[in-house]
Amino acid sequence: MAGTITKAKRERAWRMYQILLETYPEANCELDYGGAFQLLIATVLSAQSTDKGVNLVTPRLFARYPDAATLALADPEDVETIIKSTGFFRQKTKSAIGIAQALLERHGGEVPRSVAELTKLPGVGRKTANVVLGHAFGIPGITTDTHVLRLSGRLGWSEETDPLKVEADLNALFPEETWTKVSDVTIWHGRRCCFARRAACGVCPAAELCPSYGVGETDPARAQKLVKA
Ligand code: SF4
């Protein structure tokens, strides 16, 4: 459950969100996809991988298997070969084909629009469900990936480490309509500036408000070299 939120905490979190929004106005899901089904599969493939790595394999995958009907009938060995470079390819192949089959059996080949239904699909957790709901359907949700978990602690938004509890804290801290965008800008900041190791605090746009300023490099010149475009 989310703890008590003071007015000051809410206002400070809102200001940090606004700064991140101004810094990364184009922040969005960085996976390439066409429609909800492809986003769902791409998100499953992104586990323990990078979005860039997934984007290298999905053009071939989706050219051959663009929807649930085609992927449900796929030869697992063929899918494994295509997605091999993303890691854990056997398990991911099982999940991807299993998802396609479950969608055909239970949802007429369509992607359901609720966390409850999405998380019944093989290999789909709340994080994946919220990515799909937020970006394919415009249904707001907090994506508690590694960056959101780390930055929620650093920015003082949550003292929790359990993804469910962090999600609940952020749900309570921000208005519902902003949840997907809060996740996107936080992930972008985690990927470009507030790194797990050697955060670029010295050039961070949120530094003035951040209670963790100093966990990383504070020298502006050295920090600037760390930042990713
Ligand atoms: S000041 Fe440092 S710890 Fe705080 S958000 Fe910026 S980079 Fe991260």
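## A guided tour from the ligand to the helix pairs

Begin by selecting the ligand: 15 residues surround it, the closest being Cys194, Ala199, Cys201, Cys204 and Cys210. A residue counts as near a molecule if its C-beta atom, placed from the backbone, lies within 6 Å of it. By class, this shell has 12 nonpolar, 2 polar and 1 charged residues. Ala, Val, Leu, Ile, Met, Phe, Trp, Tyr, Cys and Pro count as nonpolar, Asp, Glu, Lys and Arg as charged, and the others, Gly among them, as polar.

The model is predicted: local features need pLDDT of at least 70, side-chain atom pairs count only at pLDDT 80 or more, and totals for chains, interfaces and linings use all residues. Residues are numbered from 1 along each chain as its sequence is written.

Next, colour the two domains. Domain 1 covers 7-27 + 142-226 and domain 2 covers 36-136; such bounds come from an automatic or database domain assignment. Their centres, taken over C-alpha atoms, are separated by 28 Å. At the boundary, 6 residues of domain 1 are in contact with 5 residues of domain 2, contact meaning C-beta atoms, placed from the backbone, within 7 Å. The side of domain 1 that touches domain 2 has 2 nonpolar, 3 polar and 1 charged residues.

Now select helix α2 (residues 36-45) and helix α8 (residues 126-136), whose axes lie 9 Å apart at an angle of about 150°. Helices are DSSP runs (H or I, at least four residues), numbered from the N terminus. Axes are lines fitted to C-alpha atoms, for helices over the stretch in contact, and angles run from 0 to 180 degrees between N-to-C directions. Ala36, Leu39, Leu40, Thr43 and Val44 in α2 meet Thr128, Val131, Val132, His135 and Ala136 in α8. This contact contains 7 nonpolar, 3 polar and no charged residues.

Finally, select helix α5 (residues 76-83) and helix α6 (residues 89-107). Their axes come within 9 Å and cross at roughly 125°. Among the residues of α5 that meet α6 are Pro76 and Ile83. The contact of α5 with α6 has 6 nonpolar, 1 polar and 3 charged residues.

Methods:
Helices (H or I, at least four residues) and strands (E, at least two) are DSSP runs, numbered from the N terminus. Two residues are in contact if their C-beta atoms, placed from the backbone, lie within 7 Å.
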